[in-house]
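Hi there,

Here is the structure I promised to pass on to you. Have a look at it first, and then read on for what turned up in it.

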Amino acid sequence: MDCECDCSDNSNGQANAILFNILSRGESTQNEMNYKRVPQSCHCEKRRNVCLKTPNETCQVASDVLVKTMHFMKSLPAFQQLPPKDQLSLLQNGWAPLFILGLAQDRFRFEVDDIPAPSMLERILLNNLNNQEQPTMAGVQTLKACLMKFWSLDLSPKEYAYLKGTVIFNPDVPGLKASLFIEGLQYEAQHALKEVLVPLHPDDKGRFARILLAASTLKTITPSLITELFLRPVIGQTDLLDLLIDMLFTR
């Protein structure tokens with residue numbers, strides 16, 4: 001989600017050391033070790049931390065997409081036939097790409113603002129109080145580029161449905177008991193996607209390949225970006241996977 005940092009932090013490091021020595025005078029060696037773990041700020045364009053510009057409205061729409069994503073998984077008879085542990089594994093592996101496809105299908109748009117970089121004093125005093133990975137501009141740009149790829153394809157509801165099937169039925173997820181059965185389900189979803197393209201786009205022979213190419217970009221977006229940007233403001237410190245399990249397995 002991040003990129004290489006080109007910032008030169010020599011001067012900042014000297015200033016930070018001076019400030020730390022002042023603040024930590026008389027403190028123990030353990031506190032000094034804690035300070036060394038305080039992440040230094042970076043002002044590179046793509047590594048800047050960001051947050052939603054309109055969190056209330058945006059998070060509400062994102063929550064609706066998440067509910068629809070879980071409903072889609074629950075509505076698949078073949079998914080319900082899988083062993084519970086396989087269902088859990090596929091959920092853990094596939095919820096984020098399915099969610100992103102839901103954002104694309106709903107033409108979901110959002111804007112972000114920079115989060116002001118904390119002062120050195122704030123970083124020292126708040127050390128280890130917030131361990132969540134913060135969304136960065138690089139991650140947001142990657143997500144928006146992915147959404148643009150799907151929007152440029154202008155997929156129909158049927159195309160989205162079969163593409164979601166190819167994503168959720170992933171036989172390469174480690175530890176699956178019914179991997180061969182799941183591989184067959186993925187093949188069926190891919191075949192159905194090919195078949196639906198014939199009447200919808202009879203003259204576009206390369207559309208199937210372009211759809212799969214666009215789908216490959218889903219892997220470049222981390223679940224943590226989705227969680228922290230769109231869902232953390234709603235769920236707070238609740239474990240997201242626990243919430244998804246409740247949504248999927250509660251009748």
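**A buried salt bridge, and what surrounds it**

The side chains of arginine 207 and glutamate 159 come together in a salt bridge, with 2.8 Å from N to O. This pair ties together distant parts of the chain, since arginine 207 sits in helix H10 (residues 207-216) and glutamate 159 in helix H8, 48 residues apart. Please keep in mind that this is a predicted model.

Are these two residues buried or exposed? Both arginine 207 and glutamate 159 are buried. For glutamate 159 the relative accessibility is 0%, and buried means under 20%, so glutamate 159 counts as buried. Leaving out residues up to four places away in sequence, glutamate 159 touches Asp154, Leu193, Val196, Leu197, Leu200, His201, Arg207 and Ile211.

**Other salt bridges**

The count of salt bridges comes to eight. One of them joins the side chains of glutamate 111 and lysine 144, at 3.3 Å from N to O. Here, too, distant parts of the chain are linked: glutamate 111 is in the loop between H5 and strand S2 (112-114), while lysine 144 is in helix H7 (residues 137-153), 33 residues apart. Glutamate 111 is partly exposed, with a relative accessible area of 47%, and lysine 144 is partly exposed as well, with 27%.

Glutamate 228 and arginine 232 also meet in a salt bridge (3.0 Å, N to O). Both lie in helix H11, four residues apart, which is about one turn of the helix. Glutamate 228 and arginine 232 are both buried.

**The nonpolar core**

Which residues touch the most other members of the largest nonpolar core? Among its 63 residues, they are Trp95, Phe110, Phe150, Phe169 and Phe230. Helix H5 (residues 84-105) contributes the most to this core, with ten residues.

**One face of helix H12**

In helix H12 (residues 240-249), Leu240, Leu244 and Leu248 are buried. Looking down the axis of H12, the buried residues fall within an arc of 65°, so they line one face of the helix. In general, an α-helix has 3.6 residues a turn, so residues three or four places apart point the same way. The cover over the buried residues of H12 includes helix H3 (55-74), helix H4 (77-80), H5 and helix H11 (223-235).

**The whole protein**

The protein has twelve helices and two strands. Of its 251 residues, 41% are buried.

Enjoy exploring!

Terms used: Residues numbered from 1 in each chain as written. Predicted model: local features only at pLDDT ≥ 70, side-chain atom pairs only at ≥ 80, totals over all residues. Heavy atoms only, no water. Core = buried A, V, L, I, M, F, W, Y, C linked by side-chain atoms within 4.5 Å. Buried < 20%, exposed > 50% of the residue type's maximum accessible area, 1.4 Å probe, protein only. Contact = heavy atoms within 4.5 Å. Arc of directions from axis to C-beta. Salt bridge = Lys/Arg side-chain N within 4 Å of Asp/Glu carboxyl O.
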